Amino acid sequence: MKEKVLIVEDQSIEALNLERMLRKAGYEVCGMAKSVEQASGIISKQKPDLVLLDIFLKGTLTGIDLGHKLKDDNISFIYLSANSNQATLDAAKETRPDGFLVKPVREKDVIIMLEIDRYKREHSPGFIMDPKVKVGIQVEDGNAKRSEAKDGDSMGDEKYDGHIGRNAGPKEG
């Protein structure tokens, strides 16, 4: 199964270059957006596995603003920025991104970063390849217990929504 990647980049040449790199490496590019507003619409429809996210975009909202939402929604994201000053890095770190690449990016660096992110997600509790079944590991008093849930089922404090590799977040009350 190909991983779906959304590119959020306001510079067309850079976005097209990233798209070429990703397709060549076997990733599915599920969309390209130039603003947080465009990206939000694509995210709700396409449910990407990963977002490559420029920090400074067209419009009033930044990639940092979208990064907070992506983290809340348990969607992996990697920042791309030509600006790596301390203030930008500090703001980016607060969102706990899955990576940060300084532009201009090299193809090898992008692909390695995506592979490391995929490996991390595959080897974290709750990752599965089948979108219908979620497997989780819970540790209590040093003992590990395996659990499974299908779409809509509850698992501990979370409800599974069928999104591959990520938890759905807290159950709705």
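A nonpolar core is a set of buried Ala, Val, Leu, Ile, Met, Phe, Trp, Tyr and Cys residues joined through side-chain atoms within 4.5 Å; buried means under 20% relative accessible area, exposed over 50%, and partly exposed in between, with a 1.4 Å probe and protein chains only. The model is predicted, so local features need pLDDT of at least 70 and side-chain atom pairs count only at pLDDT 80 or more, while totals for chains, interfaces and linings use all residues. Residues are numbered from 1 along each chain as its sequence is written, and side-chain values use heavy atoms, with hydrogens and water left out.

Q: What makes up the largest nonpolar core?
A: This core has 19 residues, and those with the most contacts inside it are Leu6, Val8, Val51, Leu53, Leu66 and Leu70. Two or more residues each come from S1 (4-8), S2 (28-33), H2 (36-46), S3 (50-54), H3 (63-72) and S4 (76-81). Helices (H or I, at least four residues) and strands (E, at least two) are DSSP runs, numbered from the N terminus. H2 gives the largest share, four residues. Apart from this core lies another of 18 residues, Ile7 and Leu101 among them.

Q: Why is strand S3 called largely enclosed?
A: Five of the five residues of S3 are buried, so the strand is largely enclosed by the rest of the structure. Leu50, Leu52 and Asp54 point one way, Val51 and Leu53 the other way, and all are buried. In a regular strand the side chains alternate between the two faces of the sheet.

Q: What makes S1 and S3 a pair of strands?
A: Two strands pair if DSSP finds at least two bridges between them. Four bridges join S1 to S3, which run parallel, and the bridge partner of Leu6 in S3 is Val51. S3 also runs parallel to S4, joined by five bridges, with Leu52 opposite Ile78 in S4.

Q: How do you know that the length of helix H1 agrees with its residue count?
A: The expected span is 1.5 Å times one less than the number of residues. For the 13 residues of H1 (12-24) this gives 18 Å, and the end C-alpha atoms are 18 Å apart, which agrees.

Q: Which residues of H1 are buried, and why are they placed on the same side?
A: The buried residues are Ala15, Leu18, Glu19, Met21 and Leu22. They cover an arc (taken from the directions from the helix axis to the C-beta atoms) of only 165°, which puts them on the same side of H1. On the other side, Ile13 and Lys24 are exposed.
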